[in-house]
Amino acid sequence: MKAVILLSGGLDSSTVLYQAKADGCTCYAMSFDYQQRHRRELEAARAIAQSAGVAEHQIVSFDLRQWGGSALTDDKIDLPCDRSVEEMGQSIPITYVPARNTIFLSFALAYAEATDAHRVYIGVNAIDYSGYPDCRPDYIQAMQNVFRLGTKQGRESEATEIVTPLIELKKTEIIQLGNRLGVPWEKTWSCYAGGDRPCGVCDSCQLRLAAFAELGLTDPLPYLQRGS
């Protein structure tokens, strides 16, 4: 079975790609250069795609900096750093990119229908996450309905299925799954800040480091700092 996998190069999406492989899918990876704060994650996506031996890796380019609205698309907005998990969960953070997963899933749906892929894998998570509205089960259910109603494939046969293997897993459970699947963590990138080494203090780094620490494991990435 063909599957499109949304691949950012981060811990979650890399695990999802390896899960799709384990599910027996022929994998077509799709990454996005949307003029985000840095391109380091795209380097990671390329490395992970190559490591996983995908059939094809598409990198789609468009510009969300035109209207900003997020710390990831506007350099004038500071990245949140050194926050506790409790602080991260209080409200939707400024790292939320307006409608990003809706845009990504729309591209993935077009790619899937054009290549006769019957699954789209996405690494959304509704437990250990930063409060993003487009990572929640009700959102995925709504998008699945869009997949059914908005395509020739969905109207005439069976709609492409959105597969969310991580949606109810804790970050520690995702790492354990990735370890079983053989995900090369040293090739992944989660930091919001970019640079040659991950910062260790942005929300994404903090969540990742905390999960490795909780498992008694050492994250192999060479962090500038390892949290506060």
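**Entry 1: Tyr34.** I started with Tyr34 and looked past its neighbours within four places in sequence; it is in contact with Glu41, Phe62, Asp63, Leu64, Arg65, Leu72, Thr73, Val97, Arg100 and Phe104. A reminder to myself: this is a predicted model.

**Entry 2: the cores.** Next I looked up where Tyr34 belongs. I found Tyr34 in the largest nonpolar core, which has 42 residues, and Tyr34 is listed with Val4, Leu6, Met30, Phe32 and Leu105 as having the most contacts inside it. I then checked which elements give two or more residues to this core, and they are β1 (2-6), β2 (26-33), α4 (100-115), α5 (137-149) and α8. The largest share, 6 residues, comes from α4. I also came across a second, separate core of 26 residues, and Ala3, Ala29, Leu166 and Ala211 are among its members.

**Entry 3: helix α7.** Which residues of helix α7 (residues 171-181) are buried? I noted Lys171, Thr172, Ile174, Ile175, Leu177 and Gly178. These buried residues pack against α1 (11-22) and α8 (203-214).

**Entry 4: α1 against α7.** I looked at how this pair packs: the angle is about 45 degrees and the axes are 9 Å apart. The two helices are therefore oblique to each other. I logged the way α1 passes α7 as a left-handed crossing. On the α1 side I listed Leu11, Asp12, Thr15, Tyr18, Gln19 and Ala22, which meet Lys171, Ile174, Ile175, Leu177, Gly178 and Leu181 in α7. By type, the residues of this contact come out as 7 nonpolar, 3 polar and 2 charged.

Note on methods: Residues numbered from 1 in each chain as written. Predicted model: local features only at pLDDT ≥ 70, side-chain atom pairs only at ≥ 80, totals over all residues. Heavy atoms only, no water. Buried < 20%, exposed > 50% of the residue type's maximum accessible area, 1.4 Å probe, protein only. Helix = DSSP H or I, 4+ residues; strand = E, 2+ residues; numbered from the N terminus. Contact = heavy atoms within 4.5 Å. Core = buried A, V, L, I, M, F, W, Y, C linked by side-chain atoms within 4.5 Å. Axes fitted to C-alpha atoms, helices over the stretch in contact; angles between N-to-C directions. Parallel < 35°, antiparallel > 145°, perpendicular 65-115°, else oblique. Left-handed = near helix turned anticlockwise from the far one by under 90°. Nonpolar A, V, L, I, M, F, W, Y, C, P; charged D, E, K, R; others polar.
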